Amino acid sequence: MNKHTITYRQLFFVIVQTQIGVGILSLPFSLFTIAKIDGWMSLLLAGIFVQFSILAIWKLCERFPQQTIFDILPKIMGGKLGVVFNFLYTLHFLFITVLILILYNNIVSKWIFFQTPGWVIIFTLAMVGVYFISSTPRELARFFMLVTPLLLVLFFFILYAYTDVHFLYILPMGETGFLTILKGSKDAVISLLGFDAALVFLAYTNGTSTKKLKVISFASLCVTLFYCFIIFTTYIFFNPMEIVIVPEPVLYMLKAFSFKIIERTDLIFLSLWVVSVATSFIGYLFVTVKGVQKILSLKHHKKAAPYLGIVVGIIATIPSSKLETLMWSKYIGMTSLILSVFSPILLLLLAAIRNKKEKEVISS
Amino acid sequence: MNQKGLILFCSLFLLSGCWDQSLLSETKLISAGGIDYENDGKVISTVAVPQAIAAESGEENVANQIFSTSGFTARQSRLKLDREVSERLDASKNLVLVFGEKTAKKDIYLLLDVFYRDPKSSLNAKLAITKGKASDVISTKFEETTSSIGVGEYLRDIIRSAEESATVPEENIQSICPLLFDPGQDFALPYLVPRKDVVDVEGIALFSGHKMAGTITGPDAVIYVLLTGEKSTISMATTKKILKGQKENILNYASIKIKKNKRDFKVNVSSDGKISAHIDLKTKVVVTEYPSDKLGDEKVLKKLEKNLSRVMTKDATKIIKQLQEMNSDPFGVGRKVMAFHYPTWKKIKWSEEYPKINFTASVDVEIIGHGIIE
Amino acid sequence: MTFFKKPKKLIKENDQNKVSDTSCELESNVYEPPQTIEDLLKKVREPFSSTEDLRTHWVELASDKRKIALLFIDSIVDKQIIQQQILNPLFEMSKEIDTISFEKVISLDLKKQTDFTKSQELLLLSNTLIFTDDPSCYYSVVTPEKVDRDFTEPENEKVIRGSHEGFIENISSNVALIRKRLKSPKLLVKYFKLGKETHTVVAMIYVENLANPSHVKEVEKRLTSIEADAVMTPGNVEESIEDKPFSPFPQMLSTERPDRVAANLMEGRIALVYDSSPTVNVVPVDFFVFYQSPDDYNTRWILGSFFRFIRLFSFFIAISLPSFYIAIVSFHFEVIPSALVLLMKSSLENIPYPPLFEAMLMELTIELIREASVRLHTKIGSTIAIVGGLVIGDSIVKAGLVSNLMIIVVAVTAIAAYIVPSNEMSGAIRLLRFPLMLAAATLGFLGIVFCFMILFFHLCRLYSFGTPYFAPIAPFHFSDLKDTFFRMPFWKMNTRPKNIRPIKESQDNQTRKWDTDE
């Protein structure tokens, strides 16, 4: 395992790239439907909640150094139950990858490829994913780091919106009440998912324990702030009455921008956004394939990769209408809330009660 | 396995066709569109498609093809058009969208919905209202359009130059969208008047909600743009009559160019629920025409400043009065009330309240230059 | 026959023991030495069967009538040297010669050999063998024929300022060229013989206190493990030892410039010099090494950095411009400004073919012109360029097969592809744009993005002798950016690239010491 370790700096990029994904486009809308113009506060709140989960994940992985969640579960739960939970978690991550594919297909087919059959769009990404996960975490981390500057490009695109914003739209602040804001943060937490990839990637990370925590926590903070910036921008760009009918406000906003050399910036944005989607898809697919490897006790996860890609692709083609997609995202969102956000805390408690702990293996 | 995956991936590409291909060479690009209501309520869409006629020497001539159909909705008439035209019609490069005055007086959003909904539509197209029918503006052969550019480009350019001289506010399909939905703010669009072989941007058409409410024309439009808080545009200039009874009529006038415009916009709600609004403009100007000269004298200068301020304040007050009569709130007084006095906002019905509020304006002119002679 | 089966095995063992030229100390007393000089000669000549350029020259010493035989391959020895260094001294000797004086009299290169199995190899390496009446040993003198050309500037790697010397087809001259630039006692040269039949000599050169030992070991391991009958060209070696043979990217730098090699050696890399080839390979390399040209270091650093930018920019242009064009005209023409779109449309209006076909046609035409002009004499080559470039380009537009925009795109792409100062890299780039064009024609921008993702990930997981290929970008080393995207001033470059893990990472002294001491 030591051969493929990543540095704690690389872990930062892994977490950031896994976190930033499909959500970026539709999050302002989904938060607005619940918390109205205070949606950005919901997000900040969600960012704080997520920090607790991160703390739990980190503490859990600290107890079992250099082990992924799939190694840890049997140790906490005991043999048989552990296998069941491994299966459950693998399935959970698998469905997150499926959900990413579904939402990605949804947006791509709505914005650029109206005629292209969904399976083509889905399988293209799935196969790219297969190619990526047949490698090691180190190489993935390098790639994730390589594409991070693209986020800056996205940032500058969105910054351009400030040429035509109405700051008054964000007022009156806090009018919706704390409860609504809290309610909105549930959706926000789901969009911040991706930090749970640390459950696997932490096992490969070098560096002191505190540094790791700092890195994950900081990564999540950066993503939260980035999302918050996007939400805030869309809220002051669009009228509160208008945003309800615009499910992808970011793209819609960019659609109107034109520069001297390019017009329709949304197409450029969308193309770069696909990279972010792909990285979060790849991040989760890697986590899933690690689970599959553990369950089938394969020597190398490479073997399972193509089959996994095909399975994920096929499942993702199932939902056909917008309502079905909504249902899928609702249920998968709910399970991820349980398995990715709450259960690390429970697992940590369980491990503490049973006093399961392992010394660090002296690494060469 | 790696290689197998790669082969699979490659074959995916080869197997796939090009479903969404829309070849540029096989599309007809709409450069300008006009929408009118017919008397029976049907929607008439008129589009101009520039067709470049390539010449050997590299010079190109543009011929405008004009198509027009009617249907029950904007989209339906477009679909009909598509069937009429030899290649695929594409509105993604549309430059201008024109509404007839009569049409604009009905709910404009009903016609715009198709532009907001279509992912391929061009949201940065300019919007304009025209006197008479939009189809006339689109299909008339204007002097300039025949030579080298299409109708769309011509219309866009005249609107753009009007924006630069601050006679119309800068808007496009997307930028009015938030305002269409805003109960606390309205907007204004360029108002075109077709003449024999040119199109004039006469002024602005003001909206109240989704409907056109009236126009402000001529030099007043510049004051309107100043009141919106526009800082300065390339050639924001106006000519004002500041004196009376000079020997030559021309001596009564002074032309200024606005260098810097600062708006202070206050909305107050008194304790008994009375809403009042005040716009205070501080403009720094350069005198570009003043035949009486002697601007080197401080007294003359101060007097000119005072006169200009007085005249412009009067104009501004007049415009605000007009706006209140039209029940059009393009400066967003309502928005301010909503943002800072939310409880009051919830109590009142803005469209009824707006004409009654105490809305004043004052302009303070400061001359910072007067060209290269005194 | 046993005599001739053995040597092969011995050579193989040699290789495995990583001992190269100095294999004479190997034990070889497995056979009975023949008794007479004629027998001896016959045995030695036997493996060459009846080749006619293997000559035997008999000398009879005037003093004692002893017979001495000279054996050499006529075609590869310099007879003048034989005359001057062997025959003349022999004739001048009036005394009876014994072994000691024999060695004294004749040439500096004389070596006493006792291992008869080596005779065959020595002959092939342009040695002249001297057999005396002592059957237990013989002598060898290196008498190579000098047919080298001058150290002319390599045609494909010209520079404006800087050395105009280039490697030639002689390994010892090539090593000399490197040594001339690096007069360090730490410069190590190790010889290997590759190819069971061809015995191609390969020299591995590195600076001992810089090159990472693990890389040296790795290169040695891979070189010695080559087991082929013929290793004729550097290409053969490259393909046998590179990490990923299926990658389109070159994993070792090929250059004909000694200054480029020397500079790389000082960064801790290893050079492989081949006999009979002016190409020298440098390992381990990263992607950006291919974008460095010796010219960069001789121009002012601001200008040098500007050129670097242009070259790296050209990488993107060369790979993606045609595919971008295809994607735009067949999927996303919304992105081009409205003023341009009409222009593009009018140029495309009457083209009967889809953009992909149009692009493929033009790209292939360009490749045809290139391929044709490479092989030809310069004068005819320029004719081809004119015919290809001007005539075809102009008339293909007039004929309405290809739009003139496409011609512009293809021309810019072609120029961009040749900006890379490495032929291999340029080839890789030219090849890579075809899949990209296909992807663009099926999925537009999305296809391009996916292709770029795969491309960059491939670069991320590519290694050259264990070092990441895409460093210092992935993994990211900030300090190494000084000689990749930029060419920082010479006095800023005090550290060697981290990526190749040199033993000494930084140099001890300040370059501009006079400046800081004040």
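Q: Which residue of chain B forms a salt bridge with Glu263(A), and how far apart are the closest N and O atoms?
A: Glu263(A) pairs with Lys93(B), with the closest N and O atoms 2.7 Å apart. A salt bridge here is a side-chain nitrogen of Lys or Arg within 4 Å of a carboxyl oxygen of Asp or Glu. Keep in mind that this is a predicted model, where local features need pLDDT of at least 70, side-chain atom pairs count only at pLDDT 80 or more, and totals for chains, interfaces and linings use all residues. Residues are numbered from 1 along each chain as its sequence is written, chains are lettered from A and ligands numbered from 1 in the order in which they are written, and side-chain values use heavy atoms, with hydrogens and water left out.

Q: How many salt bridges are there between chain B and chain A?
A: The count is one salt bridge between those two chains. There are also ten residue pairs in polar contact across the interface of chain B and chain A, both residues at pLDDT 80 or more. A polar contact is a pair of N or O atoms within 3.5 Å; within protein, one must be able to donate a hydrogen and the other to accept it, and residues adjacent in sequence count only if both atoms are side-chain atoms.

Q: Which elements of chain B give two or more residues to the side that touches chain A?
A: They are α1 (2-15), α4 (109-117), α8 (177-181) and α11 (333-340) of chain B. The largest share, six residues, comes from α1(B). Helices (H or I, at least four residues) and strands (E, at least two) are DSSP runs, numbered from the N terminus.

Q: And what classes of residue are on that side of chain B?
A: The side of chain B that touches chain A has 20 nonpolar, six polar and eight charged residues. Ala, Val, Leu, Ile, Met, Phe, Trp, Tyr, Cys and Pro count as nonpolar, Asp, Glu, Lys and Arg as charged, and the others, Gly among them, as polar.

Q: What area is buried between chain B and chain A?
A: About 3100 Å², and carbon and sulfur atoms give 67% of that. Buried area is the accessible area (1.4 Å probe) that two parts lose on being put together, summed over both. In chain B, Trp19(B), Asp20(B) and Pro119(B) lose the most area to chain A, together 19% of what that side buries. The contact (heavy atoms within 4.5 Å) takes 34 residues from chain B and 39 residues from chain A.

Q: OK, switching over. How many salt bridges are there between chain A and chain C?
A: Zero salt bridges there. Chain A and chain C do have five residue pairs in polar contact, both at pLDDT 80 or more. On the side of chain A that touches chain C, α5 (79-111), α6 (118-133), α7 (137-147) and α14 (265-295) of chain A each supply at least two residues. The largest share of that side, seven residues, comes from α14(A). By class, the side of chain A that touches chain C has 21 nonpolar, six polar and five charged residues.

Q: What about the area buried between chain A and chain C?
A: That's about 2700 Å², with carbon and sulfur atoms giving 75%. The contact takes 32 residues from chain A and 27 residues from chain C.

Q: Back to chain B. Which domains does the assignment give?
A: Domain 1 (24-218) and domain 2 (233-374) of chain B, with bounds that come from an automatic or database domain assignment. Their C-alpha centres lie 31 Å apart. The contact takes 17 residues from domain 1 of chain B and 21 residues from domain 2 of chain B.

Q: Which residues form the salt bridge between them?
A: Asp182(B) and Arg335(B) form a salt bridge, the closest N and O atoms being 3.1 Å apart.

Q: Last one: why does Ser70(B) count as buried?
A: Because Ser70(B) has 19% relative accessibility, and buried means under 20% relative accessible area, exposed over 50%, partly exposed in between (1.4 Å probe, protein chains only). Ser70(B) is found in strand β4 (residues 60-71) of chain B. Leaving out residues up to four places away in sequence, Ser70(B) touches Glu38(B), Lys42(B), Val43(B), Ile44(B), Ser77(B) and Lys80(B).
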